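Visitor: I am new to this structure and would like to learn how to read it. Please show it to me.

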Amino acid sequence: KTIVFQFANKYIVSQSKDGFMFVDQSRASEKIIYEKLIQNENVAIESQRLLTPHPHNFSPQVNCMIQEYIPILTQYGIEIEYDRNENQYLLRSKPLSQTIDECIDFIEELIASPYQEELMNEKREERAIRMSKKLKIKHGEKLTDYQMQTILSQLFCLPNCQATASGEKIIHKFTIQDIENQL
């Protein structure tokens, strides 16, 4: 069995044939999300159902457009529905990597941006980079063994797993010799 553990809630450490790899969990998740967006695949952001739905009143501009965005929001791990009795929206689930406030900000930015037309016309690659940066796993987030294994297996299936779309390094390799030179 391969040794896999999390270091400093920032890196996934995995044994390789000649040493260890430190995989930046945030950049790795960003790369995985980016590639899925580019390929028009379901992103399947891991989401968390809230114990109590979070009510929120959006601006009239967002309110009149939010219904058409619900399928897109669902793809990004956000479940939201309109409560007719209270005349407001209820956030029912959110991505694990986002707080409720970040989730609300994401919805508002997606729908009510003064640059909405530009966002819709923005190149697919640029939009995928922007969205993957917003939805990635953050540094400091504790991952389960399953999450670490999933990230590694998805990352290593990509054609270029070494760097994010914006060129940031994902994997840092240390050979046994590198380690012994430090001791």
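This is a predicted model: local features need pLDDT of at least 70, side-chain atom pairs count only at pLDDT 80 or more; totals for chains, interfaces and linings use all residues.

Visitor: Where is Q6 found?

Guide: Strands (E, at least two residues) and helices (H or I, at least four) are DSSP runs, numbered from the N terminus. Q6 is found in strand β1, residues 4-7.

Visitor: Is Q6 buried or exposed?

Guide: Buried means under 20% relative accessible area, exposed over 50%, and partly exposed in between, with a 1.4 Å probe and protein chains only. Q6 has 13%, so Q6 is buried.

Visitor: Which residues is Q6 in contact with, leaving aside neighbours within four places in sequence?

Guide: Contact means heavy atoms within 4.5 Å. Q6 has Y11, Q25, E141, K142, L143 and M148 in contact.

Visitor: What is the order of the strands in the open sheet?

Guide: Two strands pair if DSSP finds at least two bridges between them. The open sheet has 4 strands in the order β1-β2-β3-β7, with antiparallel pairing. β1 and β7 (171-175) stand at the edges with a single partner strand each, so one side of each has no neighbour in the sheet.

Visitor: How many bridges join β1 and β2?

Guide: β1 pairs with β2 (residues 11-16) over 4 bridges, in the antiparallel sense. F7 has Y11 in β2 as its bridge partner.

How values were computed:
Residues are numbered from 1 along each chain as its sequence is written. Side-chain values use heavy atoms; hydrogens and water are left out.
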